[in-house]
Amino acid sequence: QARNAKEEFDILTLHDIDDAWDLFVQLRYQQSMPLTGKADGITVSPLNAGHMIGGAIWKITKDSEEIVYAVDYNHAQDRHLD
């Protein structure tokens with residue numbers, strides 16, 4: 001039923017979305033990126049998720065605390081990622 005729901009979406013324009021794509025920053029695995037603005041003091045780092053080529057989990061660090069954000073994670077080592 002949600003697929004058939006139609007309603008106006010006026011929070012963002014297509015121009016806003018195009019502008020947002022220009023703000024993306026490509027990172028390599030284990031490359032740290034300190035955030036700025038409201039997120040000042042937080043650092044994010046992508047790590048190899050190990051379950052598909054290009055898959056990443058994220059290490060998020062603030063001060064001395066770290067968390068790992070993983071949508072899904074494969075605990076078994078895959079040979080194609082060696």
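A search of the whole structure, which is a predicted model, turns up 1 aromatic pair. The partners are Trp21 and Phe24, with ring centres 4.7 Å apart and planes at 20 degrees, so the pair counts as stacked. For this label, rings of Phe, Tyr and Trp (its six-membered ring) must have centres within 6.5 Å and planes under 30 degrees apart; over 60 would be edge-to-face, and the rest tilted. Exposed here means over 50% relative accessible area, buried under 20%, and partly exposed in between (1.4 Å probe, protein chains only).

As for the overall layout, the protein chain has 1 helix and 4 strands, running α-β-β-β-β along the sequence. These are DSSP runs numbered from the N terminus (helices H or I, at least four residues; strands E, at least two). Of the 82 residues of the protein chain, 11% count as buried.

Then there is the charge. Asp16, Asp18, Asp19 and Asp22 form a negative surface patch, a term for residues with over 30% relative accessible area and no salt bridge, like charges being joined within 9 Å. Asp16 sits in helix α1 (residues 14–21) and is partly exposed, at 34% relative accessible area.

Residues are numbered from 1 along each chain as its sequence is written, and side-chain values use heavy atoms, leaving out hydrogens and water. Local features need pLDDT of at least 70 and side-chain atom pairs 80 or more, while totals for chains, interfaces and linings use all residues.

Definitions and conventions
Patches are made of residues with over 30% relative accessible area and no salt bridge: like charges are joined within 9 Å, nonpolar side chains (Val, Leu, Ile, Met, Phe, Trp, Tyr) within 5 Å. Accessible areas come from the Shrake-Rupley method with a 1.4 Å probe; for residues, only the protein chains shown count as cover. A salt bridge is a side-chain nitrogen of Lys or Arg within 4 Å of a carboxyl oxygen of Asp or Glu. Lys and Arg count as positive and Asp and Glu as negative; His and the chain ends are not counted. The place of a charge is taken as NZ of Lys, CZ of Arg, CG of Asp or CD of Glu.
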